[in-house]
Amino acid sequence: MSDSRRNRRKEERDLKKVKPNPEKERKDKRIKIYGILALVLFFIIAVIAIFFKAMWEFRAKYGF
């Protein structure tokens, strides 16, 4: 009797556990990588824009 109760409880606990979804994990990892790449690209574009602005002001000031 106690064995059957123990098995039933074990099955209930197993059913409550959330099984990992490998497809969702891959998607989450991909989204994280895309986010990091977007930030890197944003900073690279910002640095290039600052460089061009400085060059523009230098040319306007000294006439090169």
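## Surface and make-up

Accessible areas here come from the Shrake-Rupley method with a 1.4 Å probe, and for residues, only the protein chains shown count as cover. On that basis, the chain has an accessible surface of about 7000 Å², with 65% of that belonging to carbon and sulfur atoms. Keep in mind that this is a predicted model: local features need pLDDT of at least 70, side-chain atom pairs count only at pLDDT 80 or more, and totals for chains, interfaces and linings use all residues. Residues are numbered from 1 along each chain as its sequence is written, and side-chain values use heavy atoms, with hydrogens and water left out.

How many of the 64 residues are buried, as a percentage? The answer is 0%. Buried means under 20% relative accessible area, exposed means over 50%, and partly exposed is in between (1.4 Å probe, protein chains only).

## Overall shape

The chain has 2 helices and 0 strands. Both kinds of element are DSSP runs numbered from the N terminus (helices are H or I, at least four residues; strands are E, at least two). The radius of gyration is 29 Å, well over the 11 Å that the globule rule gives for 64 residues, so the chain is more spread out than a compact globule. That radius is taken over C-alpha atoms, and the globule rule is 2.2 Å times the number of residues to the power 0.38.

Along the principal axes, the C-alpha atoms fill a box of roughly 95 × 15 × 10 Å. Arg-5 and Asn-21 are 16 residues apart along the chain, and 30 Å separates their C-alpha atoms. Ala-49 and Lys-19 are 30 residues apart in sequence, and their C-alpha atoms are 47 Å apart in space.

Helix α1 covers residues 2-16, and Arg-8 sits in it. Arg-5 is in helix α1 too, and counts as partly exposed at 43% relative accessibility. Both arginines belong to a patch of positive charge on the surface, which gathers Arg-5, Arg-8, Arg-9, Lys-10, Arg-13 and Lys-17.

Asp-3 and Arg-6 pair up through their side chains in a salt bridge, at 3.3 Å from N to O. The term means a side-chain nitrogen of Lys or Arg within 4 Å of a carboxyl oxygen of Asp or Glu. These two residues are 3 residues apart in helix α1, so about one helical turn separates them. Asp-3 is partly exposed at 48% relative accessible area, while Arg-6 is exposed at 52%.

Helix α2 takes in residues 22-62, with Met-55 among them. Met-55 is partly exposed, at 35% relative accessible area. Together with Ile-36, Val-40, Ile-44, Ile-48, Phe-51 and Phe-52, Met-55 makes a nonpolar surface patch of about 670 Å². Ala-49 also lies in helix α2, and is partly exposed at 44%.

Lys-53 is exposed, at 53%, and Glu-57 is partly exposed, at 45%.

## Charge count

The salt bridges number 2. For the chain, there are 18 positive and 8 negative side chains, and the centres of the two sets lie 5 Å apart. Lys and Arg count as positive and Asp and Glu as negative, with His and the chain ends not counted. The place of a charge is taken as NZ of Lys, CZ of Arg, CG of Asp or CD of Glu.

Terms used:
Patch = residues over 30% accessible without salt bridge, like charges linked within 9 Å, V, L, I, M, F, W, Y side chains within 5 Å.
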